[in-house]
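Visitor: I would like to learn how to read a model like this one. Please take me through it feature by feature.

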Amino acid sequence: MKTYDKAKHAIRFYLLRRLPTCQQTVEKISQSMERPLTLRERISLKLHLWICSWCQWYMEHLQLIRDAARARADKAPDLLTGATLSDEARERIRHKLSNQS
Amino acid sequence: MSEAQAKALHQSPDPGRWLDDHGDYLFKYAVFRLRDDTAAEDAVQETFLAALKAYEKFEGRGSERTWLVGILKHKIIDHFRRTQREAPIGEEFEEGPEHADFFARVDEWKGHWTNEHAPTEWHATPAELVERSDFWKVFGDCLSPLPQRTASAFTLREVDGLKSEEICEILSISVSNLWVMLHRARLHLRNCLELNWFKRED
């Protein structure tokens, strides 16, 4: 087990030195949500994520934000409490509409 | 009631009742996207006015609310288009904070996450977050400091799920501009949510 950990550590170190940095990787992660990545990009992203839990979490978080925002957008009107048309706005609109009809 | 009366009743629009039945619903729909009460009120008003003009085309087909939301969607996009025109893209195009400091390590790992900004584990699901109004308050506050155009691009993409080409057309920007803006918005928002929501929960 100890040899395995040592080997893993060595591989991690080796890869981190040669792969794109986290700063370059997060930009790729964002682009992966907009366009299909090339094979080369996919491989270096996969390898980076394999050894970097920070970027792994980063990618999960972006997906979570997207999923939650879209779910909220679908449900928002029924769920939101407090935010309703103010009485002033309601009267203003009512007045405007009665002038038009 | 005779058939003719029923038909007449059906065909004359009743904007006062629309306002009572759908006003709040449409307002909530708009305010989540526009994050501005006045702009959302205007969008609702424009929706009803447009609905009044286009009533003949509706003819009671389908749900009234779905029809109104369909009009509102266009009004919201018009709003984004208008704010874009008021602040046309300049020489010094502001795409939002670059947050290079997130990766400004001073050791040999320059370009990797600094300890202060490295992501942590979140333990949350979309289903839980959808219900939390206080989370969406933080979400809105986190989007506010971004340049208007960047926040609009983010909303159109991540909330409404529009395609890149549609967003570029609405905001008059190139695809590469859009990608840079989305990347910076995500980097900023994720960090802001972590600081102001997920860390607080621990």
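Visitor: Into which domains is chain B divided?

Guide: Domain bounds come from an automatic or database domain assignment. Here chain B is divided into domain 1 (3–86) and domain 2 (100–201). Two ground rules come with that. This is a predicted model, where local features need pLDDT of at least 70, side-chain atom pairs count only at pLDDT 80 or more, and totals for chains, interfaces and linings use all residues. Residues are numbered from 1 along each chain as its sequence is written, while chains are lettered from A and ligands numbered from 1 in the order in which they are written.

Visitor: How far apart do the C-alpha centres of domain 1 and domain 2 of chain B lie?

Guide: The centres are 30 Å apart. Domain 1 of chain B puts seven residues into the contact, and domain 2 of chain B puts in 11 residues. On the domain 1 side, H5(B) gives the largest share, five residues. Helices here are DSSP runs (H or I, at least four residues; strands are E, at least two), numbered from the N terminus.

Visitor: Is Arg82(B) buried or exposed?

Guide: Count neighbours. A residue is buried if 20 or more other C-beta atoms, placed from the backbone, lie within 10 Å of its own, exposed if 12 or fewer, and partly exposed in between. Arg82(B) is exposed, because 10 other C-beta atoms lie within 10 Å. Arg82(B) sits in helix H5 (residues 64–86) of chain B. Arg82(B) and Ile170(B) are 88 residues apart in sequence, yet 9.1 Å apart in space, C-alpha to C-alpha.

Visitor: How many residues does the largest nonpolar core have?

Guide: A nonpolar core is a set of buried Ala, Val, Leu, Ile, Met, Phe, Trp, Tyr and Cys residues joined through C-beta atoms within 7 Å. The largest has 47 residues, and Leu26(B), Ala30(B), Val44(B) and Ala153(B) have the most contacts inside it. Helix H2 (residues 15–34) of chain B supplies the largest share, 10 residues. At least three residues come from each of domain 1 and domain 2 of chain B. Apart from this core lies another, of 12 residues, including Tyr58(A) and Phe102(B).

Visitor: Which residues is Val44(B) in contact with, leaving aside neighbours within four places in sequence?

Guide: Two are in chain A: Leu85(A) and Ile93(A).

Visitor: What mean pLDDT does chain A have?

Guide: pLDDT is the predictor's confidence in each residue, from 0 to 100. Where pLDDT is low, the predicted coordinates should not be read in detail. Chain A has a mean of 88, and 91% of its residues reach 70 or more.

Visitor: How many helices and strands are there in chain A?

Guide: Five helices and zero strands. The C-alpha trace of chain A spans about 80 × 30 × 20 Å along its principal axes. Of the 101 residues of chain A, 21% count as buried.
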